[in-house]
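Here is a briefing on selected contacts and packing in one structure.

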Amino acid sequence: MDQLAAVLVDGVIYSSWLFIIALGLTLIYGVMRILNLAHGSLYALGAYVAASLVGAWFANGYPPMGSYALLPAAAVIVGLVAGPLIERGVLRFLYGKDEIVLVLVTYALFLILEDLIKLVWGVESYVISEPYGLLGSFELAGLPYPVYNLVLVAAALVIGAALTWVLQGTRAGKLLVAVIHDREMGAALGINVSRMYLVTFTAGTMLAAVGGALTAPTVSVLPAMGVEVIVLAFAVVVIGGLGSLPGAALGALIVGLVRSASVHYLPQYELFSIYLVMALVLLARPKGLFAGVEARKI
Amino acid sequence: MSDRTARALVLALAILLVAGLVLPKWAISLAIISLGKGLVVLGMMLLMRTGLVSFGQGLYYAVGAYAVGILNQVYKFSDAMLMVAAGALAAALIALVLGALLAGYRAIFFAMLTLAFSMILYGLLVKSSALGSTDGFNVDARTLAGIPMGGGASYTLYAFASIAAFLGAWGLHRYQGSLLGRIAPAIRDNELRVEYLGASVRAVVLLNYVIAAVLSGAGGAIVALAVGHIDPEMAYWTTSGEFVFVAILAGTGSVAAPFLGSALFEAIRTVAYQYSPYTWQMVLGAAMLAVIMFLPSGLWSLFERRRARP
């Protein structure tokens, strides 16, 4: 019984984290039809910027609680710098090409960003565990859990709710949904599609970076962190259905629970289990659980 | 049609075999690895001609290598040729099963599912301590079809890799010229029309997938023998990404392009890694962007264009 509780709690915590890192990926795909392989690198970028900021904050002896504000700040910085740079500098020349060509383009971006990170930050690890330890821990079913994990869960809920509200409750969001459904028609009705794309990619970059920034205190920040995350985020998004917000939530929950169950019961097959679930879901529902029907064109 | 490509391939094989006699050891080793990886990219090229991009060819690359490793370590096989054949066969069997599942998928869904399959293998290999887990293990072949061979960078293995590459390229060239082979570009252009014309898209996709897997399995086996070591990294998605990269760079214009592409890639990697370990990927990425933006048919199109002029 205790173990089941632990599986559920771990699963929910892990799912929240997955949800945050998967959101940006699914948003960018949903609007721009770009499966962004550089997503993991943007996530790593967020982690590095957060690590640098928090490190400098503590080195100067500022009040420790203030360091929490730096995590989202790092994400905003990365989003506002890297997002427009990539969208205006590279992607906008390639709209209308095959989806698979755009995947290859983002793969090239991934290669570039990986080295850029190594050039700027080197290959040694950065550890900023202060925000992680600062909140103390609570006990559940006999196991200690850092309170910071609750911050992750709360962040996932807030970000998910905010994005849903923007898409469904605001004028800009409704325009965006219109563009998703029919880009040409949207443009014909006077929506500035090119600006929509710029904003979407920037927001997606910010979401990737916020995932990295929130993760930075819990791990040592290393160059390889982006490579690992990207396939996980894919698994989540693909299970839920590319471009679907509730899909990402469900995918994150499934992957999170499967992983935590496997960690507790079959630790040998942790990594294996995630991709197995992804493969099984794709075999049963090729376009993911929440994907709509598409017309075949002759 | 007088077959210029076949003649060029025979000439290339002759040059390779003669050049191998005078090349230094490091160049031999580099050449075997390029030929092995070139075989993988050759398979990738066939898939790309069919309109499919696989982000999981590392799966078969690793299967080929691990078939060699297991036969060598567990069953004490030491003949390189047998082991390469076994690697290709193992890849074919797995590809038959997975290919049947994959044949209904296209575009990014095909790419993602192949990626998932190869990551499953990676996850398994990392966790299986019997197969050396993350460290992998060493491979040591002593003979090749009965002929003794000294180490991974020997002329014997080099000659074998050259002949295998020749057979792969020539076979694929013949296949692509055949009626069955010509369906592939048609599928890429419009598969519904292919169906209306009475060909089975599913069967052709499966066949091409299996052929690509066999080439990757053989390539992985050859690389395993040349390097003398295998590890799960061979099934990781970045390895597959590398193959995609070389395939894009080479383009689908000629069966020789994958080998030139991977030789170029290996050479650049070896040099660049030595002089600037932190920027070489960046250069590769920039090169890839440039190729996609300005040379959509790959580097090979540069040669083509020149030849087309009077």
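A:A216 counts as buried, because it has 31 C-beta neighbours inside 10 Å and the threshold for burial is 20 or more. The model is predicted.

**Around A:A216**

- A:A216 sits in a loop of chain A. That loop runs between helix 9 (193-215) and strand 4 (220-221).
- Beyond residues up to four places away in sequence, A:A216 touches A:A47, A:A50, A:A51, A:I128 and A:V221.
- A:G204 lies twelve residues from A:A216 in sequence. In space, their C-alpha atoms are 18 Å apart.

**Helix 3 against helix 9 in chain A**

- Helix 3 (residues 67-89) of chain A packs with helix 9 of chain A at an angle of about 140 degrees. Their axes are 7 Å apart.
- The two helices of chain A, helix 3 and helix 9, are therefore oblique to each other. An angle over 145 degrees would be needed to count as roughly antiparallel.
- The crossing of helix 3 and helix 9 of chain A is right-handed.
- The contact of helix 3 with helix 9 in chain A has 18 nonpolar residues, four polar and two charged.

**Chain A against chain B**

- Chain A gives 37 residues to the contact, and chain B gives 36 residues.
- On the side of chain A that touches chain B, helix 4, helix 10 (225-240) and helix 12 (270-284) of chain A each supply at least two residues.
- Helix 4 of chain A provides the largest share of that side, with 16 residues.
- By class, the side of chain A that touches chain B divides into 30 nonpolar, one polar and six charged residues.

**Helix 4 of chain A with helix 5 of chain B**

- How do these two helices cross? The axes of helix 4 (residues 99-121) of chain A and helix 5 (residues 107-127) of chain B come within 8 Å and cross at roughly 50 degrees.
- That angle makes helix 4 of chain A oblique to helix 5 of chain B.
- From helix 4 of chain A, the contact uses A:E99, A:I100 and A:V103. They meet B:A107, B:I108 and B:A111 in helix 5 of chain B.
- Five residues in this contact of helix 4 of chain A with helix 5 of chain B are nonpolar, none is polar and one is charged.

Note on methods. Residues are numbered from 1 along each chain as its sequence is written. Chains are lettered from A and ligands numbered from 1 in the order in which they are written. This is a predicted model: local features need pLDDT of at least 70, side-chain atom pairs count only at pLDDT 80 or more; totals for chains, interfaces and linings use all residues. Axes are lines fitted to C-alpha atoms, for helices over the stretch in contact, and angles run from 0 to 180 degrees between N-to-C directions. Helices (H or I, at least four residues) and strands (E, at least two) are DSSP runs, numbered from the N terminus. Angles under 35 degrees count as roughly parallel, over 145 as roughly antiparallel, 65 to 115 as roughly perpendicular and the rest as oblique. Two residues are in contact if their C-beta atoms, placed from the backbone, lie within 7 Å. Ala, Val, Leu, Ile, Met, Phe, Trp, Tyr, Cys and Pro count as nonpolar, Asp, Glu, Lys and Arg as charged, and the others, Gly among them, as polar. A residue is buried if 20 or more other C-beta atoms lie within 10 Å of its own, exposed if 12 or fewer, and partly exposed in between; C-beta atoms are placed from the backbone. A crossing is left-handed if the near helix is turned anticlockwise from the far one by less than a right angle, and right-handed if clockwise.
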